[in-house]
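Me: Can you walk me through this one? I have some quick questions.

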Amino acid sequence: MGEPGTKEVLSLDELEAVAGQRTGRKHILSILVENKPGVLTRIAGLFARRGFNIDTLAVGPTDDDTVSRITLTLDGAVHPIDQVTKQLHKLINVLKIRDLEPRETLARELALFKVSADGASRAEVMQVCEIFRAKIVDVSKRSVIVEITGTYEKVEAFERLVRPFGLIEMARTGEIAISRGRSET
Amino acid sequence: MRAVDALMECLKAEGVDVVFGLPGGANLPTYDAFYDAGIRHILVRHEAGGGHAAEGYAKATGKVGVSLGTSGPGATNLVTPICDAMMDSVPVVFLTGQVRTELLGTDGFQEADTIGITMPIVKHSFMIQHPLELPRSIHEAFHIARTGRPGPVVVDIPQDLSRADIPYEPVTDVHLPGYQPTTDGNQKQIRLAAKALANSRRPVIYAGGGVINANASAELTELGLADRFPVTCTVMGLGGFPAPHQQWLGMLGMHGTRTANYAMDEADLIVAIGARFDDRITGKLSEFAPRAKFIHIDVDPAEISKNVPAHIPIVGDAKNILPRLTAEYRALGTDPSRLEEWWSRINAWRQRYPLGYTDSKDSEIKPQYMIQALFEATGGDAIVCSDVGQHQMWTAQYYDFPAPRRWINSGGLGTMGFGLPAAMGAKVGCPEQTVVCVAGDGSVQMNMQELATCAEEGIAIKVFIMNNGYLGMVRQWQELFWDKRYSQVEMGQWPDFVKVADAYGATGMRFEDKHTLVKDMQEALATEGPVLVDVRVTREENTYPMIPAGKPARDMVG
């Protein structure tokens, strides 16, 4: 496929990527990196070049100011996770990678939703918010802004429920995660 | 002292005795420091030539090569050598000049984002942001280039920082918490591998360039001879196992021998050592070695199970692992006669499908014969560099390499124009040895300017151009797969290479008669200084055998 030596014209279907070893679930990678310029570029570049797709990405400081934590999620149904982590390990500035086990991990993301809410629907929106323990942080005549934290799935579920009211816009941080129990992530 | 003087001290501390480079505005301070640093600097005619020369030096000597260029175009000219070094795991440190820090990001004169441009093709890179960082970064660059899976490291130095006055303290350690290559190899896995070898009835050892990089050819040979294990190498691994030899199957891959490719196809156990299951080896991946289990030994864990899932992975340095594997295997005391059936199968292929060609009836030089003649003229004892194309494959097929670091070519990236400057670097690194370059008439023109460097510096390389007037490999593919529609492959009759040699201060020769070829070549080899020989060969000859791209080994043609 795609060989310069073969003459036949390729159909678009044939261009579909060949599957490697896929786990089929969402993976959260927690990556500790040296806090140096260009590190995020190296990681983003590696993903682009190897054809890995990042679903969400969050970067922030850790308790050690020479080290940053990158939390990224990607789809194990599409990517060979093993190959992703091995390639990441080859980057000199990457100190540690954990492929977090879902059951032993606490993951949260923060999202802001701007939802249409005029007289008639406002009460209903507020009810949904209450069920999800979301906070209304801004109110105007015809809309509200809702702040919600939770797992990726919870935020997804919330989105599905408020969308019918008229979702004006939405901003999500992507998940950050930490392992449960005493030991370090 | 100035940061650049500290740089010289660092280079000396790393044992650098020669660098290849070309000055410009942004690295003027560095060149001022070279003026009396006592390090040999070879002024190349194009940065790409310098980059490939540093690669040739590194491949021939096993030491880290050093190549320099200025900012902007100097650095972009180095992109091809950097990528080449990445693909073939060659330890080279590239030092590039950069514009003054106040100009960074302003599209200043000769500014290019060298770190950004090279990021996907380096093992690592350093952008110097403070002059005090320079010494440590240089040592870390050498450490990273040399250790683990070797590769290119770029250090980009802004002009103003390189002029800064700094207190210099020799750096004696490196601090790279995120870089700890595994070298040891897990003993349990090694034992498992030994058992698998003992149980196999149709084993093949498949070695790649990693064996050369690890300086583990003696250890590979030991393992091969621990029993009658058949051994094959990739184009990067040639010389890793001494050829010719009873247990040597010839080269593996697209233009390897049928014996080697068929043996892989029918093997029940494949021991891959420092090899990465490139598409030129596997052919159609889903039909590659369908009956085999795989032991994969590599220093780079990311190579293991990248293309082919390994049953027994062993991460580490081949030099460390192979003797332990050999010892474990010997301790099992297996019966070598279990391999007899396998050898009779292999020997049948050998007999039926030897490498061969139809010789000309007249005095015309067949390209394959040209390599055989070169083997004879050099006594099989030269360092042979090559460009990329048909001539490269014929050299790999017909020149038996008895030892490692004798065969220097661009395998992964397939860089035309690699051979001549690489030969220059190899000769600088190994002045006592005969260094020849087998070039293509297309390839050689991509870095021919380095002949001037050779003439000025007295670097006596002998370049043999296999001249068929075509971009031969492309022509072959157009003949075989594109209905002979020869599109843009005919090179015509220019230049006159003998005159080119003359103009560059080298000796030019032209050989056209096969009957006198060996003697003529000996004369060229005995001529002092750089020599450029135009060898006229059969124009439309194909490199066979061949696995058509994307096909399995069984579909080999020719």
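This is a predicted model: local features need pLDDT of at least 70, side-chain atom pairs count only at pLDDT 80 or more; totals for chains, interfaces and linings use all residues.

Me: Start with the two chains. How many residues of chain A are in contact with chain B?

Reply: 21 residues of chain A are in contact with 20 residues of chain B.

Me: Which elements of chain A give two or more residues to that side?

Reply: Helix H1 (39-50), helix H2 (81-90) and strand E4 (94-100) of chain A. H2(A) gives the most, with five residues.

Me: What is the make-up of that side by class?

Reply: The side of chain A that touches chain B has five nonpolar, eight polar and eight charged residues.

Me: On to chain B. What domains does the assignment give?

Reply: The domain assignment gives domain 1 (3-162), domain 2 (187-352) and domain 3 (367-536) of chain B.

Me: How far apart are domain 2 and domain 3 of chain B?

Reply: Their C-alpha centres lie 31 Å apart. The contact takes 13 residues from domain 2 of chain B and 13 residues from domain 3 of chain B.

Me: And which classes of residue are on the domain 2 side?

Reply: The side of domain 2 of chain B that touches domain 3 has eight nonpolar and five polar residues. It has no charged residues.

Me: Next, strand E3 of chain B. Buried or exposed?

Reply: Five of the five residues of E3(B), residues 65-69, are buried, so the strand is largely enclosed by the rest of the structure.

Me: Which residues point which way from E3(B)?

Reply: B:Gly65, B:Ser67 and B:Gly69 point one way. B:Val66 and B:Leu68 point the other way.

Me: What does E3(B) pair with?

Reply: Strand E1 (residues 18-21) of chain B pairs with E3(B) in the parallel sense over two bridges. Five bridges join E3(B) to strand E4 (residues 92-98) of chain B, also parallel.

Me: New topic: the six-strand sheet of chain B. What is the strand order?

Reply: E14-E13-E15-E16-E18-E17, in an open sheet with parallel pairing.

Me: Which strands stand at the edges?

Reply: Strand E14 (407-408) and strand E17 (507-511) of chain B. Each has a single partner strand, so one side of each is left without a neighbour in the sheet.

Me: What about helix H22 of chain B? What does it touch?

Reply: H22(B), residues 517-526, packs on the sheet and touches strand E16 (462-467), E17 and strand E18 (531-536) of chain B. Its direction makes about 175 degrees with that of E17(B).

Me: And how many bridges join E13 of chain B to E15(B)?

Reply: Four bridges, with E13(B), residues 383-386, and E15(B) running parallel. B:Ser386 stands opposite B:Val438 in E15(B).

Me: Now helix H20 of chain B. Which residues are buried?

Reply: B:Gly472, B:Met473, B:Arg475 and B:Gln476 are buried in H20(B), residues 472-481. Seen down the axis of H20(B), the buried residues fall within an arc of 155 degrees, so they line one face of the helix.

Me: What covers them?

Reply: The cover includes helix H17 (390-398) and strand E15 (435-440) of chain B.

Me: What follows H20(B)?

Reply: B:Asp483, whose phi is positive, near 55 degrees.

How values were computed:
Residues are numbered from 1 along each chain as its sequence is written. Chains are lettered from A and ligands numbered from 1 in the order in which they are written. Two residues are in contact if their C-beta atoms, placed from the backbone, lie within 7 Å. Ala, Val, Leu, Ile, Met, Phe, Trp, Tyr, Cys and Pro count as nonpolar, Asp, Glu, Lys and Arg as charged, and the others, Gly among them, as polar. A residue is buried if 20 or more other C-beta atoms lie within 10 Å of its own, exposed if 12 or fewer, and partly exposed in between; C-beta atoms are placed from the backbone. The arc is that of the directions from the helix axis to the C-beta atoms. Two strands pair if DSSP finds at least two bridges between them. Axes are lines fitted to C-alpha atoms, for helices over the stretch in contact, and angles run from 0 to 180 degrees between N-to-C directions. Domain bounds come from an automatic or database domain assignment.
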